[in-house]
Amino acid sequence: MFHKNITDNTEPDYAENYKIKLGVIMFFIYSLIYAGFIAINVLAPLLMAKKIIFGLNLAVVYGFGLIIFAVISALIYNHFCSKKEETFKQKK
Amino acid sequence: MAVFIFVIFVVFVISLSFYLGNKAKSASGYFAAGGQIHWIVNGIAFAGDYLSAASFLGICGMIATLGYDGFLYSIGYLAGWIVALFVVAEPLKKLGKFTFADALDAKFNSSGIQLAAAISTLVVSIFYLIPQMVGAGTLVTPLLHLDHHWGVILVGVIVITIVATAGMASTTYVQFIKGAMLIIFSTILVISVLYKGINLVPPAIDQAGNITEFYKYKILDAQETNNIIIPVDNSYTFISQKKIIDTKTKKIQSEFVKLSKNYPLILKDNHFQFNYMGINVSLPEDATEKLKNLSLEQSEQIININNTKYIHKTINGEKVLVLYEGRSEIIDGLRCVMQDGKLFAKIENWWKKENIDGKIKLIEAQTVSVRPNEAVMINGAPASFINQLRTVGTLEAISGNTSPDYKIDKTNPIIFLAILSDDKTIFNQWKSTKFNDGNAQITAYYPKQIKGSAVMRPGQFFKIESSWKEKIDFISLMLALFLGTASLPHILIRYYTVPNPSAARKSTIVAIAAIGFFYILTLYMGLGAAINNVLNPADSNMSAPLLAKSIGMTIFAIISALAFATVLGTVSGLIIAASGAVAHDLLDRFSNLKMSEKQKVNVGKLAAFTVGFIAIILGIIFKSVNVSFLVGLAFAVAASANLPSIVMLLFWKKTTAAGIIASIIVGVTLSVGLILFSPVMYALYGLPIENAPIQLKSPAIISVPLSFLALIIVSLLTQKKIEK
């Protein structure tokens, strides 16, 4: 009982491979942008003080951008995963 | 009012625990809430779990005191969720049951993995518990006027009660409510800050929560002759000078000058008091009689002998002549003197000496002086409920404007940041230095003017412009934050509270949206605290609640109660994870003890008690360290110990059980080892930080790659055995 699987994992997930592949691709895209942020800070820290838009500097724009991009890419990922899951359900 | 709201909130949380406790009779109910939590609730609960004391108190505190560097934590913490969502969420949900060890072990059924994963869960949980407990102590001090250690004990006891009564179901709902309320009230706080606008003379708040008028710290012109500093303002008298020498370079790091000044003592409501540094400092009641003795009584005559004034006093029954001027009485370490027939408090305080354009300037500092077996002195006067360190954090100039009347009302989120990023906006940031004055240990806090353009970009905590060591520190922290989230045991176990992998994914997305929004708010809360004169210079962790205090006592009470609940929620989650590691991984699976359902839950509760007790002790020891920094360390340990094995298990087919064990052992040992020999720990041990053999602030840059390497090498070495 203690070690019984308490969750519903019995249904085969046909979209699994697709989701893993998409996840890895999106992970690498985000990692690259995140690495860009680190790289600018390390290699050209003064660039971060440069005003970009509406009087906001690169540090603020890039920082907010990383947060907003994380939310957007999460929504995109969910959209494609859910779509694929639905397609397989309908095929079944 | 504040205490009332606070108590109501805590009682509500505990009642909810007892109610939900009835639903947690089985092991699955206790450790994974029966796997039946809706993904939206779980997503917000993720936020509640994740937005810990570190996020709320530590990040806001670090932004308030060190500017943009604090926001780096927000960026890194959120980026970590991308790893959790894209790489870990669904596969882990598929593999696991209750704990992260289950997931790792699903393929191999190796007792070594169970043991290593359980130990790593325990170590990471304890590391993560430390900042939460420190945060708890920090919060309770101003709210309930309890000492820091009582705050830590109070949280420990409440959390153990919550965990021991209901387990995961209870903590999930507590975290859901707390997560949602934290985001709502932080939004209200940020709107209030923007509505309040930006000005150069914001009122301060004293320890009693009273708004006090703005106090402008003085800068004195001075001249130096034969090592004696003479202020141009002759109401100040030079006493001594202290040069702080850098032990490594042997150069003068900073200089402080002790000056004295007399402040008139006024008798009001049978208490002598004096106005000093923006507040009325009141002397204790028993001082009144002593000081009245110093005053000239009506019947007494001044006797003038050779131009020196004397009066008659009766001492030990004998009438003797004593000096009229300069007679003094020491009250709790403060010298009160008689001069020109009036009583004065003679304040001796430290000033920071600066050379500006070849001229000596003395900058008024705040000090805490601790002398063995004597009263603690704050700014040269005895510490009391009112005489505490003054709140600080203001702007010296707004886009070049320095007139006290200049202000910007009702700003918007973009203009607010644009003004603060301006090159001509000047922040007064408060720094600190410790030194000895005789047998007194002095901590001096002094203002330093920094341009907005420097505050609003990285570089104050991580001096990324100065050396490669600092650059590596910065990369190491960003790596730890990125990889740490997906390896935190209390986050990982939350994947088992939802019914299926797709719900795990959706709840992660809800979490990312909620947490991302909150992290954007942290920048506004931190900067709001930095410019609104609400910072306690000795404790950056209280910035957000004190900012709320400057808006109003109700929002302060709610924000404090929420922050307290934040600690409760996160600590309960961590203790559940740790107790799961002991009861499920170590005793049930590794030791294969035959226990009934009830026994397993009881063992889990016993483990919760033990871990809670350890957390209380550590919370007291680490009192003075910024909580966000401590969480950064916990992330580094988690990223080193857990992430390599999770990722490689999911994506590298040649991974073996021995490889996973090696990776966990190398990750835990290296990261903890590097932390124990780091400068931060040396400071805690009371040793010179430059003697620390490892000069890294965050160990991830070494420990994560080596943990991956250990897994790859050991897996490759153990491949042959499998093939054979």
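Modeller: Let's start with the open sheet of three strands in chain B, which runs in the order S8-S9-S10 with antiparallel pairing. Keep in mind that this is a predicted model. On the edges sit strand S8 (266-268) and strand S10 (279-282) of chain B, each pairing on one side only. Going from one strand to the next, the twist averages 45°. As for how such things hold together, strands of a sheet pair through backbone hydrogen bonds, either parallel or antiparallel. Here S8(B) and strand S9 (residues 271-276) of chain B are joined in the antiparallel sense over three bridges.

Now for the helices. Helix H19 (residues 627-641) and helix H21 (residues 657-676), both of chain B, pack with their axes 7 Å apart and at an angle of about 155°. Angles over 145 count as roughly antiparallel, so that is what H19(B) is relative to H21(B). Their crossing is right-handed. On the H19(B) side, the contact is made by Leu633(B), Ala636(B), Val637(B), Ser640(B) and Ala641(B). H21(B) brings Ser663(B), Ile664(B), Gly667(B), Val668(B), Ser671(B), Val672(B) and Ile675(B). Sorted by class, the contact of H19(B) with H21(B) has eight nonpolar and four polar residues, and no charged ones.

Definitions and conventions
Residues numbered from 1 in each chain as written. Chains lettered and ligands numbered in written order. Predicted model: local features only at pLDDT ≥ 70, side-chain atom pairs only at ≥ 80, totals over all residues. Heavy atoms only, no water. Axes fitted to C-alpha atoms, helices over the stretch in contact; angles between N-to-C directions. Helix = DSSP H or I, 4+ residues; strand = E, 2+ residues; numbered from the N terminus. Parallel < 35°, antiparallel > 145°, perpendicular 65-115°, else oblique. Left-handed = near helix turned anticlockwise from the far one by under 90°. Contact = heavy atoms within 4.5 Å. Nonpolar A, V, L, I, M, F, W, Y, C, P; charged D, E, K, R; others polar. Pairing = 2+ DSSP bridges.
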